[in-house]
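I opened this entry to keep track of what I looked up, going from the whole chain to single side chains.

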Amino acid sequence: MARILCFVVLFTSACAADTVVREVQAACGNGIIEADEACDDGNNVTTDACSDGCQIAYCGDGILRNDIEPGDDEFESCDDANQVDGDGCLTQCIIALCGDGVLRLDIAEGDLGFEACDDGNREDSDGCLSTCAAAVCGDGELRIDRLVGEEGFEACDDGNSVDEDGCLTNCLEAACGDGVVGPGEGCDDGNGDPTDDCANCSPADCGDGVIQGAELCDDGNDIDTDACLSRCAPARCGDGVVRDDLEEGSAGFENCDDGNTDQSDACSSACEFGFCGDGILRRDLQPEEDGFEECDDGNIQDEDGCSVACGTEVCGNGRVDAGEACDDGNEIETDVCPSNCQVARCGDGVTQSGVDECDDGNDVQTDACLGDCRVARCGDGHVWAGAEACDDGNENDADGCRNSCVTQRCGDGVVAAGIEACDDGNVDDNDACRDNCELARCGDGVIRAGAETCDDGNQINTDLCLNDCSIASCGDGVLRADLAPQDADFESCDDGANETGDGCDADCQIERCGNGRLDAGETCDDGNEVDTDACTAACRVARCGDGITLAGVEECDDGNVAQGDACLQNCRAARCGDGSVWLGVESCDDGNQVNDDDCLTGCLPARCGDGFIRAGIEECDDANAINTDACPNDCSAAVCGDGFLRAGLVEGDLGFESCDDGDQDNTNECTNSCALALCGDGFTQAGVEACDDGNQDDADACRNGCILALCGDGVRRLGLAPGAVGFEACDDGNQTQTDACLIACIAASCGDGHQQVGVENCDDGNRVDDDECNNNCQPRNGVQAFGEWRPAMACADFSARGINYQQFCFQLRGNWLCTGQHTGGSVQCEDIAGGIRFTYDWGQTWPFRFTADNQTCQNYHADYLQNFSHAIGYRTFRVTAEKAGNSCPRTYIDNNGNFASTTGDAGSVLPYVIEYTN
């Protein structure tokens with residue numbers, strides 16, 4: 001069965017099978033690329049990247065773009081819509097200028113802007129001057145692009161019409177024999193005859209002191225450095241001889257005279273020494289020679305392009321010159337000062353290392369790099385042209401823009417709120433959800449599998465498919481009107497009963513109607529087959545609702561009681577304003593002429609953007625698609641916080657916004673007052689500021705750079721009492737533990753465990769005065785032994801006791817410890833580095849006492865178990881004998897370095913100190 005889908009707009013029209021007609025006409029400026037649009041930026045601005053005709057702007061389209069800054073890609077300073085390079089606008093959309101290398105042909109000679117030539121350089125020494133005038137002899141600019149003999153060659157060009165100086169009016173240097181008396185010539189007859197009155201440009205009678213004949217002067221001497229040369233020519237600048245008969249400042253005085261017309265050597269044509277600042281660029285020196293000039297602008301001032309030392313001031317010389325914001329002397333493009341000597345900024349086209357994610361040099365929010373120099377990404381709220389179909393910056397997957405930045409569409413499996421009735425994500429048009437995302441229903445023109453046997457998409461009950469979406473059949477009680485009498489299945493009647501004799505037989509044919517007689521089952525019979533008179537061809541009295549339009553009485557009659565089709569229940573043709581919605585034609589019909597309710601007078605549903613303010617629902621409606629004016633696209637009055645940045649207002653105007661992110665978050669880049677977040681506004685910007693206390697106190701908990709005060713930031717935090725969290729006694733901003741301020745911002749002191757350079761010689765961090773570092777942070781000699789520090793001792797620190805025994809006693813941790821020597825033997829105490837050493841000579845028997853200093857308990861013998869020779873530390877001894885006082889307790893140090901006591905017996909094994917060292 002053919003699938004029929006037809007939308008009727010304004011007027012009823014026939015639709016071919018499988019024809020889809022748009023419900024909404026394409027409109028340039030609605031922000032959606034449709035039909036023949038190459039772009040659609042949602043505005044009607046002609047001078048941006050997308051014209052008001054929805055075509056992409058390009059150089060040559062005749063529209064001057066004003067949305068791009070000079071220096072950015074695609075910037076236009078003009079656009080004359082042609083591809084002619086010889087007029088005022090080049091084909092690159094750049095205003096024609098002298099020096100651009102393109103000859104203008106649209107201006108007549110004598111008019112402002114006329115160009116006789118344009119060679120694209122600023123050189124005045126070739127055939128085209130920097131003013132775009134053709135070089136000619138006498139213009140004062142020496143051409144150097146021609147060889148001797150070539151047309152246009154100039155040996156000199158002094159810019160005057162005087163032939164008597166060093167440069168003739170034909171731009172050749174003056175020379176003897178040219179017929180013109182030049183500098184240093186007494187005469188010039190233009191020939192080479194040495195026998196006439198002028199030979200070698202010197203008069204024949206020159207030198208007699210009398211001016212005669214062709215002589216210009218004659219002082220009767222051969223001196224060339226006075227007023228008259230030896231060739232009887234008056235001395236003058238350019239004759240190659242330096243006068244020495246004049247005081248400086250006198251008329252004719254010369255500092256130099258090289259006899260040439262070259263202004264760019266050491267001696268100018270005015271016979272003055274060349275110097276930096278004379279306005280004449282010297283060309284006779286190499287860069288390494290004294291006096292070399294890169295430029296000479298005739299002044300002694302820096303920062304005008306030429307320094308006082310005649311060096312060209314350029315970006316990269318390490319000095320900030322005129323027009324430069326910075327100059328770091330390098331060519332690194334990605335540091336804070338790029339190679340154009342302007343401070344790096346977002347939008348300069350250079351990605352600053354560590355600061356920018358990207359920088360494409362424009363403020364376009366729809367390309368790969370956003371205006372804030374972050375890389376474009378899905379979810380940033382800006383539609384990336386060519387990469388994203390949409391980007392609403394939120395995580396709502398059903399608001400028209402998917403979270404993957406593709407436009408929500410019918411068939412994506414997500415029901416678009418307010419737009420789609422369903423979306424099952426497939427293209428099966430025969431299930432419960434149509435492929436246009438409408439719920440399947442009888443009458444939609446698509447047969448729903450398992451639920452309908454037909455669906456012709458109309459409200460006609462007299463065709464092959466009934467309005468309940470079942471196939472028409474004889475006996476269903478519905479008279480088919482879509483067949484001619486000769487067609488198979490034609491019905492002339494259908495009484496719903498498959499019987500004969502009731503006026504309609506089982507084949508749905510009229511049994512006696514039309515015979516002019518009222519028969520059984522007939523309500524009338526006028527004997528004709530006219531179906532539109534008072535008695536229908538079915539012998540039924542015509543009535544509204546019988547499906548036959550009664551001529552002159554009814555406008556229509558579709559035989560049903562549906563109020564939503566083309567014919568109403570009262571058999572009047574449906575029309576806008578009748579109070580019934582004509583399905584497929586009208587979206588609404590409230591039967592009134594009011595435009596501020598839910599249904600407009602054109603039978604279209606009221607919507608935001610239709611230009612009519614819907615009472616109680618809309619605050620405004622300006623009928624445009626601009627979200628940045630006083631009435632956004634949701635028809636609520638523009639306010640700070642609605643998420644749209646107001647355009648067309650300047651700071652100070654009521655309603656002006658610097659930003660508007662639509663949230664109530666004061667911690668992002670846009671505050672709730674629609675002002676751009678900045679350090680010091682009192683709101684901590686998340687991800688940018690660690691704090692913001694809104695003051696300029698750099699010594700409180702929040703620094704002036706909106707960073708949290710930290711120990712080690714170099715600024716001492718004030719206002720806290722000692723012991724309070726965050727209190728700083730000092731803060732020197734370094735990580736050094738050996739200066740006056742520790743990294744914990746505590747003032748260094750003896751006993752803090754950190755040796756202060758230049759103040760302390762040690763610092764062990766304790767208050768023990770007899771260890772290796774005393775309480776004044778001065779070191780003491782000692783070593784680690786038995787798990788503790790042992791201060792250094794010397795034999796002088798011991799005391800001698802007893803009568804028969806030599807004793808050496810010392811105190812260790814509050815205990816007196818003594819060694820003892822039996823009569824006949826000897827004991828010696830030797831000072832060694834870091835400690836002491838005892839030496840005995842009583843064989844291998846070792847008299848040793850290690851107990852309190854008590855005369856009654858002083859004798860104890862112990863044998864050393866190993867060969868003894870300068871032992872250090874402690875060793876294990878075996879008790880072998882005992883003498884008087886065997887019941888006395890004895891104190892010793894065990895293997896863990898702890899004190900222990902025992903009375904001991906012969907044969908006991910005890911560890912004893914035999915040498916005490918540090």
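My notes below begin with the basis of the model and then move to the chain, its salt bridges and a charged patch.

I am working with a predicted model, in which local features need pLDDT of at least 70 and side-chain atom pairs count only at pLDDT 80 or more, while totals for chains, interfaces and linings use all residues. I number residues from 1 along each chain as its sequence is written, and the side-chain values use heavy atoms, with hydrogens and water left out.

**Whole chain.** I looked up the secondary structure and found zero helices and 14 strands in the chain, where helices (H or I, at least four residues) and strands (E, at least two) are DSSP runs numbered from the N terminus. I then looked up burial, and of the 918 residues in the chain, 33% are buried, where buried means under 20% relative accessible area, exposed over 50%, and partly exposed in between, with a 1.4 Å probe and protein chains only. For contacts (heavy atoms within 4.5 Å), I noted that 18% of those between residues at least 6 apart in sequence join residues at least 24 apart.

**Salt bridges.** I counted 19 salt bridges, taking each as a side-chain nitrogen of Lys or Arg within 4 Å of a carboxyl oxygen of Asp or Glu. One of them joins Asp 598 to Arg 614, with the closest N and O atoms 2.2 Å apart. This pair links distant parts of the chain, 16 residues apart, although both Asp 598 and Arg 614 are in the loop between S2 and S3. Asp 598 counts as partly exposed because its relative accessibility is 46%.

I also looked up Asp 145, which forms a salt bridge with Arg 143 at 2.9 Å between the closest N and O atoms. Arg 143 counts as buried because its relative accessibility is 10%, whereas Asp 145, at 31%, counts as partly exposed.

Arg 703 and Asp 698 meet through their side chains in a salt bridge of 2.9 Å, N to O. Here Arg 703 is buried, with a relative accessible area of 14%, and Asp 698 is partly exposed at 25%.

**A charged patch.** Which residues gather in a patch of negative charge on the surface? I found Asp 297, Asp 302, Glu 303 and Asp 304 there, with patches made of residues with over 30% relative accessible area and no salt bridge, like charges being joined within 9 Å. Asp 302 lies in the loop between strand S2 (202–203) and strand S3 (782–785), and Asp 302 counts as partly exposed because its relative accessibility is 35%.

Notes: Patches are made of residues with over 30% relative accessible area and no salt bridge: like charges are joined within 9 Å, nonpolar side chains (Val, Leu, Ile, Met, Phe, Trp, Tyr) within 5 Å. Accessible areas come from the Shrake-Rupley method with a 1.4 Å probe; for residues, only the protein chains shown count as cover. Lys and Arg count as positive and Asp and Glu as negative; His and the chain ends are not counted. The place of a charge is taken as NZ of Lys, CZ of Arg, CG of Asp or CD of Glu.
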